[in-house]
Amino acid sequence: MQKYFFSIALICSSMLVSAQKDSTFFEIGMNVVPVIKNIQKTESKFVTSPYLLTLEKSFGKVGLRVGAGYDSDSRTELADPSNGNTNFDNDTSSMDLRFGIVFYKNFNEKWSLKYGVDALISNQSRSSNTFFIDQTGNENETLTSLDSKGFGISPFLFAQYHVSKNFSLGTEIGFKYIGYTSVEKDENSEFPEFNTETNRESTVLSIVPPTSLFLIVRF
């Protein structure tokens, strides 16, 4: 994936040198869809944008943008007689970053279109821990974990409606290609000789539909 990052960096450098300076601006945007989902604790079957915040700097006809998103969930079931005096812990987390080049097309004062390509970084982790004390008083623990790292690219189209000069709404559609390397571990304190570690590689091709809604402030 390093060649994709290198190619994007070269494109950014060459385009920024020749970009016009007559319409520069800086934008900060927040995607409210993840916020609403976390408040309502709803699960969606659709692929949604993981990016909560976005920063963008226009140099005229060309700009640069950065996006970031983080999500975590931790659940614990305490030991009691109903579950065999077993304590269960489940933790998941994900962090997503993107760095991209943006081109602009203004239709009128209210509508504009952005398009370009992002370089993607995605880290995900998941762990499940089971802890109990058997009848002989021995402490037994089983741990299952999965850690994955991904790198990729994503061409995108971003539609923006300008409510006023300094405030707008936006959504985007993208095509994502990302490759993952992951490590899965199974560990048992009672039978350590059966501990396993599995390494995998995978790729994901997906279309991210316009399910995001960014509230954008322009300076």
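The structure is a predicted model, in which local features need pLDDT of at least 70, side-chain atom pairs count only at pLDDT 80 or more, and totals for chains, interfaces and linings use all residues. Residues are numbered from 1 along each chain as its sequence is written, and side-chain values use heavy atoms, with hydrogens and water left out.

The count comes to 1 cavity of 30 Å³ or more, a cavity being a set of points on a 1 Å grid over the protein atoms alone where a 1.4 Å probe fits but cannot get out. The largest cavity holds about 70 Å³ of space, the volume being that filled by probe spheres set on the points. Its lining (residues with an atom within 4 Å of a point) includes E27, T54, R65, K114 and I216. Strands β1 (25–31) and β2 (53–58) each give two or more residues to this lining; strands are DSSP runs (E, at least two residues).

R65 also forms a salt bridge with E172, with the closest N and O atoms 3.2 Å apart. Such a bridge requires a side-chain nitrogen of Lys or Arg within 4 Å of a carboxyl oxygen of Asp or Glu. Because R65 lies in strand β3 (residues 62–77) and E172 in strand β7, the pair ties together parts that are 107 residues apart in sequence. The structure holds 8 salt bridges.

Key:
On a 1 Å grid over the protein atoms alone, a cavity is a set of points where a 1.4 Å probe fits but cannot get out, and a pocket is an open set with protein on both sides within 12 Å along at least five of seven lines; lining residues have an atom within 4 Å of a point. Helices (H or I, at least four residues) and strands (E, at least two) are DSSP runs, numbered from the N terminus.
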